[in-house]
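Subject: Structure handover

Hi,

My notes on what turned up follow below it.

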Amino acid sequence: MRNAPHLVSDVMTRTVAAVDREARFKEIVETMERRQVSALPVLAAEGRVVGIVSEADLLPKEGFREADPDRLERLRRVDDVRRAEAVTAGELMTSPALTVRADATLSQAARTMARKSVKRLPVVDGNGVLRGIVSRADLLKVFLRSDEELAEEIRRDVVEGLFAAPERDLRVAVVNGVVTLSGRVRDTSLIPVAARLVRAVEGVVDVEFDVTGPAALRHSRPAA
């Protein structure tokens with residue numbers, strides 16, 4: 001049986017800097033500087049995440065400092081003008097906030113970040129209450145798994161589960177996250193399946209095959 005995928009709860013940061021709706025502009029900047037973060041969840045009184053305020057939300061105030069935009073510029077950059085005139089987190093924030101549940105897989109969180117081009121996601125419970133935060137760097141932690149750990153999982157969950165007992169002597173080698181399976185198999189049609197299963201193991205960078213079939217057929221890097 002394959003290991004369950006890592007969840008957001010496995011890698012998220014649980015102590016999170018946040019502000020409420022009434023936090024003032026300077027307080028927001030000071031909190032970001034003190035906590036060395038570039039964005040802060042904005043919370044309602046009960047701890048629900050209602051928005052995100054980021055450095056990008058704060059910059060228009062500086063950008064419009066030396067010039068009063070004309071009417072056309074105001075219409076074209078209405079969001080920037082609004083933020084340039086804002087003074088509280090509630091006025092500055094992007095809302096509704098893009099969030100993720102703690103029981104989401106790392107793949108699900110990564111897809112959300114990529115699709116929405118965000119660097120971090122507040123982690124919330126079923127009521128939308130803040131429980132942590134997960135960043136791009138957190139999602140990359142699976143690539144810190146040792147080569148030995150990856151090899152053991154692949155032998156147990158892929159080779160032994162997919163190939164018949166006489167073929168379980170397939171050699172599994174992992175170097176810097178790149179997996180090589182070598183040896184002889186009777187059913188070469190299983191090689192693309194094995195490729196997909198190995199690539200699905202969290203922490204695997206790539207997979208290569210040096211496998212000989214009944215007709216001395218050699219496979220190298222089959223399509224997933």
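**Surface patches**

L140, F143 and V205 make a nonpolar surface patch of about 300 Å². The model is a predicted one. L140 sits in the loop between helix 8 (136-139) and helix 9 (147-162). Its relative accessible area is 52%, so L140 counts as exposed, the cut-off being over 50%.

E27 is partly exposed, at 39% relative accessible area.

**Salt bridges**

The count comes to eight salt bridges. Here are some of them.

- E46 with R48: the closest N and O atoms are 2.6 Å apart. Both ends are partly exposed: E46 has a relative accessibility of 47%, and R48 has 31%.
- E153 with R145: the side chains meet at 2.6 Å, N to O. Both of these residues are buried.
- R156 with D157: the closest N and O atoms are 3.1 Å apart. R156 is partly exposed at 34% relative accessibility. D157 is buried at 8%, because buried means under 20%.

Salt bridges link R145, E149 and E153 in a network.

Another glutamate to look at is E152, which is found in helix 9. E152 is partly exposed, with a relative accessible area of 48%. How far apart are E152 and V172 in sequence and in space? They are 20 residues apart in sequence and 8.5 Å apart in space, C-alpha to C-alpha.

Three strands form it, in the order 4-5-6, with mixed pairing. Strand 4 and strand 6 (130-135) stand at its edges. Each has a single partner strand, so one side of each is left without a neighbour in the sheet. Strand 5 (residues 120-124) and strand 6 run antiparallel, joined by five bridges. Within that pairing, P122 has I133 of strand 6 as its bridge partner.

Now a parallel pair. Strand 8 (residues 178-184) and strand 9 pair in the parallel sense over seven bridges.

Why is strand 9 (residues 206-212) largely enclosed by the rest of the structure? Five of its seven residues are buried, so the rest of the structure largely encloses strand 9.

One general point for reading both pairings: strands of a sheet pair through backbone hydrogen bonds, either parallel or antiparallel.

**Backbone points to check**

The peptide bond between S95 and P96 is cis, with omega about 0 degrees. P96 lies in the loop between helix 6 (89-92) and strand 4 (100-101).

Q36 is not a glycine, yet its phi is positive, about 55 degrees. Q36 is found in the loop between helix 2 and strand 2 (39-43). Is Q36 buried or exposed? Q36 counts as exposed, at 63% relative accessibility.

N176 is not a glycine either, and has a positive phi of about 55 degrees. The place of N176 is the loop between strand 7 (171-175) and strand 8. N176 is exposed, with a relative accessible area of 65%.

**Recap**

- The nonpolar patch consists of L140, F143 and V205.
- R145 and E153 form a salt bridge, and both are buried.
- Strand 8 and strand 9 are parallel; strand 5 and strand 6 are antiparallel.
- The cis peptide bond joins S95 and P96.
- Positive phi values occur at Q36 and at N176.

Best wishes

Methods
Residues numbered from 1 in each chain as written. Predicted model: local features only at pLDDT ≥ 70, side-chain atom pairs only at ≥ 80, totals over all residues. Heavy atoms only, no water. Buried < 20%, exposed > 50% of the residue type's maximum accessible area, 1.4 Å probe, protein only. Helix = DSSP H or I, 4+ residues; strand = E, 2+ residues; numbered from the N terminus. Pairing = 2+ DSSP bridges. Patch = residues over 30% accessible without salt bridge, like charges linked within 9 Å, V, L, I, M, F, W, Y side chains within 5 Å. Areas by Shrake-Rupley, 256 points an atom, 1.4 Å probe, with all protein chains shown as cover. Salt bridge = Lys/Arg side-chain N within 4 Å of Asp/Glu carboxyl O.
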